[in-house]
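Please look through the structure shown here with the explanation that follows beside it. The paragraphs take one chain and then the other.

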Amino acid sequence: MELSKVVSLTKRMGGFETRPYLSWPWIFSLSVVGLSALVLAYPLAILFIRSFAINPPGEPTAWGLEGWIAAYNDRAVPIAIGNTLLLAVLRITITTALAIFFAWVVTRTDTPLKGVIEMSLWLGFFLPLLPMTMGWILLLDPQYGLINQFLMKTFRLSSAPFDIFSYWGIVWSHLAFSTSVRFLLMTPAFKSMDAALEEAARVSGSSNAGVLLRITVPVLAPALLASTVLGFIKSLESFEIELVLGIPAGIYVLPTKIYDLIHWEPPLYNRATALSGIFLLAIFALIWLQYALLHGRQYTTITGRGYVVRPLSIGRWRWATFGVSLLFIFVMILLPLVTLLMGTFMEFFGHFDMAKPWTTRHWMQAFSDSVFLRSLMNTLILGIGASIVGAILYVLLSYYIVRTRFAGRKTVDILSWLPWGLPGILISLALLWATLGSGGLVKVLYGTIYLLVAAIIIKEMPLGTQILKAGIMQVSNELEEASMVSGAPWPRGFCRILLPLLRPTLIAVALIVFISAVRDIPTVIFLSTYQSRTLSLLMLDYIAEANMERAAVLGVFIVGLIFAFLLIGRLLGMKRVAVES
Amino acid sequence: MQRFRRKWFLSSVTCGLLSLVLAHLASGQTKPSSQEQWEKTLAEARKEGKVVVYGPPGATVREALTQGFEKAFPGISVGFLGGSGAAIGPRVVTERRGGQYLVDVFVGSSVMLMNTLRPEKALDPLDRVLIFPEAQDPKAWRTKRLEFSDKERRWVVMMTGYVHLEVAVNSNLVRPDDIRAFKDLLDPKWKGKIALTDPRIIGPGQVGFTFLYHSKKLGPDYIRALGKQEITPLRDHRLLAEGVGRGKYPIGLFPQPTQIQQVISAGLPVHPIGKLAEGSALATGFGSLGLANRAPHPNAATVYINWLLTKDGQTLLARGLAYASRRLDVPTDHLPSFMVPEANESYFEMDHEETLKRRDAAVALAREIFGG
């Protein structure tokens, strides 16, 4: 290579650094980051400031610490914090083990019917929590639960063996959803791992379990840790199941407490925001832990040498992995799903002893609702818009955080976590304040579906960026550098090399955002108007009048809708595999 | 002096008669003027073409409050946004502070209207817009006049009034005669056998606790004694109703009436007890009405409010919410008898301004007993 060409190339690459410096793509990237910081920091700063507002409605704004003092002076708060942590630790321990197992089974082994196992685990992610919990109560209530009654009669037990209204009942009811979330977060990383590492271990005499524990898990540490941190935060925030199962048993968690404050009339948002500060503290602690554990290590699994995604043959053990997977799917996903589906055809959910227990009227009523079609249209626009725009934004943000050396990228990294520090309803309120407190250009967004798209993108930013960060960390820089050395500008290298390698991860992120958009209620509750009502808000209408049957119909319909998109996503993924092969 | 008195008397009588004649003439003029005013308002409303209503959550009430009006007044569509007071109240406050005046009419709880929207000056007085004679016909209403939450009788109309359900029992486990008074619940044999709709959050439990707290025969001491009965607070109305029906909780205190009706129709042995010896309360639930200040469609709002207070409007509202209307000509055949107030009975009004102000004390005691 001529000296002049080398000099020109090194200039383009920002000196002999492996990471690129300022050029026009970075100006674009910076503007994306600036916009993200604005949409994240501005509403949350407003929320934080308003947590010090102590005036009742209608009176001039007054500031003080009363909200914070009242929130933390509450004697019930330490107990609630203890319960929250205990439940989160229990859930995270169990689901981490289960999710690693399933991700390994689906991506790294020759277990039969892996595709079916994967799709079934996805199902667990988008089953509606409230109707599913009602299904579990029907099965495991100590007084009248069908499974308890069956076991008591069969084994002549004097008392019910299971009680759904307990710590373990709460953990159990979360298991399908939480394991599925962790599985979804981990699978793309497992899929992108070079099989040569595992094969080398096998050649060196390592067992199946040895390969999993000594090679697969350590190599995938960033993805596993990111998913654990995300899962832990999600566990801290969870409240629907705790509300239904915890309160009758006297188990209160922090989100239940925040829920109370929000549902006070007039709502005590200052105290709710103050209590949410605990989540922010937990998030900062977990981010620090993640940095401390991963700092200075190399987790690249995809390099310029090319990589192999061939699954390992685990011999007869594949039937054992198949059996365990099938058992989990049957008990944790199919059983409550069938109960849910059955519930939509029952006159009154769970009452088999009525004269005419079966009916299709809930389906007829749900689909003949005058606002159904409009809500469906809004949901599709919201889901597709948020998943596409969100995936693009998250990949740019992740790239900025992982690959560049710009000052402030750590700040942006921390900022990207913030939306998970607050319950969805507070994010909704923050965006409402931010939108209506801004200039005319922003105000016009109010009442449109675009504001809901923005809200979902913000809400899912921690998940999207963390998954994509882990994905980018697995891809070696040398691929892009090779592209630049060959004369390709940065955007071409980014689009032609990195994005195709990240495609499974991007599709997973887009699907997760889509699912979240379709299911979400609290994040959009203050932003939606009668013109931008979504299916999930329509479902809330049914839940409000305790019409669980009609709510379950919409729940099943939403599951079907998501399943259709999941199939599309999977077909896209399959196409990639076909091209590669 | 006597002449003067006679003169004064005659002139007084003449003046009185003159006033009566004038008043009669004036009233004769008001009637056509009221009709004219209505027709003019209706024509203007049709030009506006829309009315925006923020109302209660629920699909049934949404359909009742939109489709009924649109059928009655073709050409005026209803934009309806439903939600609990906790969702609607802060939204309206923020909208208004951001210069967005989007809503015309509020239908919801008196708590939201009186405690959040009125202090925020988000309401306009209703007396100015009540122009349709049927809407305010004194003979039609339970107390011979429209009932208001506010003492000024101008801002928040209480349209519905149902007897708050006090207790439901599992008739296989508890004889209804065993529970004739609230004090019967203190019997040690019911310890650990009572479930209660959680009084710490908005809902029937909070209404019930406020009633107990302010009842002269019961009061805070009774509530404290009740707290020692190892009561289970539940937030899911359906869970409570089913728990009573399946015998998990033999006694349900302040359950949600529609859920109790559902489990009864499902064949479960549940017996509702609407009224106990210490009296009972009349609740408005989500059935209060307010006019938005700076309404974007003022004429359509006027038409909507007047329609809602007629027999047709109230029939749809009462069915949509599964409550009783305070209008006497509205059918109650959609309700169990225990929810329908008796004509000559006096009830504790849960949604009057004074009661609303004192609600916090009852909730504080509930928190003291149940934590949180």
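A residue is called buried when its relative accessible area is under 20%, exposed when it is over 50%, and partly exposed in between, with a 1.4 Å probe and the protein chains only. Helices (H or I, at least four residues) and strands (E, at least two) are DSSP runs, numbered from the N terminus. The model is predicted, so that local features need pLDDT of at least 70 and side-chain atom pairs count only at pLDDT 80 or more, whereas totals for chains, interfaces and linings use all residues. Residues are numbered from 1 along each chain as its sequence is written, chains are lettered from A and ligands numbered from 1 in the order in which they are written, and side-chain values use heavy atoms, with hydrogens and water left out.

Chain A has 27 helices and zero strands. Of its 581 residues, 57% count as buried, and the accessible surface of chain A comes to about 23800 Å², of which carbon and sulfur atoms hold 70%; such areas come from the Shrake-Rupley method with a 1.4 Å probe, and for residues only the protein chains shown count as cover. If contact is taken as heavy atoms within 4.5 Å, then among the contacts in chain A with a separation of 6 or more, 78% are between residues 24 or more positions apart.

Helix 15 of chain A, residues 317–344, has 28 residues and spans 39 Å from its first C-alpha to its last, which is close to the 40 Å expected at 1.5 Å a residue; the expected span is 1.5 Å times one less than the number of residues. At Phe330(A), helix 15 of chain A bends by about 40°, the bend being the angle between axes fitted to the seven residues ending at a residue and the seven starting there.

Further along chain A, Ile458(A) lies in helix 21, residues 449–459, and is buried, with a relative accessible area of 6%. Apart from residues up to four places away in sequence, Ile458(A) touches Val39(A), Leu40(A), Pro419(A) and Leu431(A). In helix 23 of chain A, residues 478–485, the buried residues are Leu479(A), Glu480(A), Glu481(A), Ser483(A) and Met484(A), and just after this helix Gly487(A) takes a positive phi of about 100°. Thr505(A), which belongs to helix 25 of chain A, residues 503–519, counts as buried at 3% relative accessibility. Once its neighbours within four places in sequence are left aside, Thr505(A) is in contact with Pro188(A), Ile467(A) and Leu468(A).

We now turn to chain B and its sheets. Strands of a sheet pair through backbone hydrogen bonds, either parallel or antiparallel, and two strands are taken to pair if DSSP finds at least two bridges between them. Five strands of chain B form an open sheet in the order 9-8-10-7-11, with mixed pairing. Strand 9 (232–234) and strand 11 (270–273) of chain B stand at the edges with a single partner strand each, so one side of each is left without a neighbour in the sheet.

Within this sheet, strand 8 of chain B, residues 194–197, runs parallel to strand 9 of chain B and is joined to it by three bridges, with Leu196(B) opposite Pro233(B). Three bridges join strand 7 to strand 10 of chain B, residues 251–253, in an antiparallel pairing, where Val167(B) stands opposite Leu253(B). Strand 7 also pairs with strand 11 of chain B in the antiparallel sense, over four bridges, and here Asn170(B) has Val270(B) as its bridge partner.

A further open sheet of chain B has three strands in the order 6-12-14, again with mixed pairing, and its edge strands, strand 6 (162–163) and strand 14 (348–349), each pair on one side only. Strand 12 of chain B, residues 281–283, and strand 14 of chain B pair in the parallel sense over two bridges, with Ala281(B) opposite Phe348(B).
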